[in-house]
Amino acid sequence: MSAPQKTVRRPLVVTSAALLSVSLTAPAALAAPAPKTSPSATPPARMSAVGGARLGLPGTQVNLAGGVPVLPKDLTARSWIVADAESGQVLAAHNAHWRLPPASTLKMLFADTVLPKFPRDQKHKVAVTDLAGMGAGSSLVGIKENETYTVHDLWLGVFLRSGNDAVHVLSAMNGGVPQTVKDMNAHAAELQAMDTHVVSPDGYDADGQVSSAYDLTLFARSGLQKKDFREYCSTVRASFPGETTKDKKGKSTRGSFEIQNTNRLLSGDYDLSVYPGIAGVKNGNTTNAGATFTGVAERDGRVLLVTVMNPEKKEHNEVYRESAKLFDWGFKAAGKVQPVGTLVPPKSADAATQPGANSSAGQSGGAGGSSSRPVAGASVKSGSGGMGIALGISAGVLVLLAAGAFLVNRRWPLPDLMRRRSRS
């Protein structure tokens, strides 16, 4: 397993570093009853109405009118959503609140929960117990016991390679898997992600573990408020520490190897071009979940979020192809289509973003430089064709919008993109 009405337009903010991971652990005891792992072939007649009544209805929800482009005809995903990342307006959705296995896209919630807890330059020597309990066939970045890694290294392993081993080590640092699962469920509740029930911190298939396209989009939007999250989810490739070896004279050396982001809209593939303006966030694939993906992209100053869960069509890279089609539609429809709902802010967002609140809310994980290669960047125009361009931003040049610009249920601004760099 690998793992709209008009809105103020502001470019997205992103930087360089890594992706996420996947693994199995024992379920934590939770107050709410666990839902079934394998959902029925059809969505419930009525689902959660968080974000608007129409989002709780089965089927496709969109307000087509004069001047609004029609949706792509060949979408096969069980569930999907297209939303404006800044205003939170949901432009269109299909079974948005259907509770489905999330696979490694759940690592967005893991990162949003755990990433702020440890400075990126903190070091950790991996114990044998840190790597216990990973599910069979888990995606791995290649962490070795008794080797020392920085927190920065571990997050690169999570985001770029979706390494379950990196998730387990970070969970161990956080007090263990049960504590991390508890923290993730609590954070999901704070984000009003009511469709989500966490059992395993890495997204590995587990009884009762579910989320929804709506909730995954909330996780991405919340994570993107954090500087380090933006950096890691936008990194195309990076150097990762290898295993320590000794030569015949007993001299120890430690090499490294390159890891590449498994998000194919970001890194590309032999049959898929990099999506113009893509800037993260996370992909996943398991037996129960099928292929899942949440992405963020910017074009002409507008930032969109797209989540796609489990396309019925099983062709290679299908989840990315359907995501790209929804991005294309969203950029054409934005500003013309009336929204069908909204991405709700966290419960504490109103109080936390009043004037006088901490202006460093976009920072997380401590300071420190990155040796990884950042995503490339240039402003993407509508006529860019298949040219692969992703947003990039250097550490230390992010400027948050004024806290007073946030209006509950109307606007949750992402930081400005202050500088773009060419892809290396």
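The buried set includes Trp155, Phe159 and Leu160, along with His152 and Asp153. Just after H2, serine 162 takes a positive phi of about 50°.

A word on confidence, as this is a predicted model. The protein chain averages a pLDDT of 80, and 73% of the residues score at least 70. Over residues 1-38, though, pLDDT stays under 50, and residues 415-424 also stay under 50. Where pLDDT is low, the predicted coordinates should not be read in detail. Those stretches do have contacts beyond four places in sequence in the model: 207 for residues 1-38 and 50 for residues 415-424.

Now to the strands. Strand E9, residues 290-299, is largely enclosed by the rest of the structure, because 10 of its 10 residues are buried. On one side of the sequence, E9 pairs with strand E8 in the antiparallel sense over seven bridges. A hairpin of three residues joins E8 to E9, and threonine 286 has glycine 290 in E9 as its bridge partner. E9 also pairs with strand E10, again antiparallel, over eight bridges. There, glutamate 298 stands opposite valine 303. The hairpin of E9 and E10 has two residues between the strands, and aspartate 300 takes a positive phi near 50° in it.

Last stop: serine 212, in the loop between helices H4 and H5. Serine 212 is buried, with a relative accessible area of 0%. Thanks, everyone!

Note on methods: Residues numbered from 1 in each chain as written. Predicted model: local features only at pLDDT ≥ 70, side-chain atom pairs only at ≥ 80, totals over all residues. Heavy atoms only, no water. Buried < 20%, exposed > 50% of the residue type's maximum accessible area, 1.4 Å probe, protein only. Helix = DSSP H or I, 4+ residues; strand = E, 2+ residues; numbered from the N terminus. pLDDT = per-residue confidence, 0-100. Contact = heavy atoms within 4.5 Å. Pairing = 2+ DSSP bridges.
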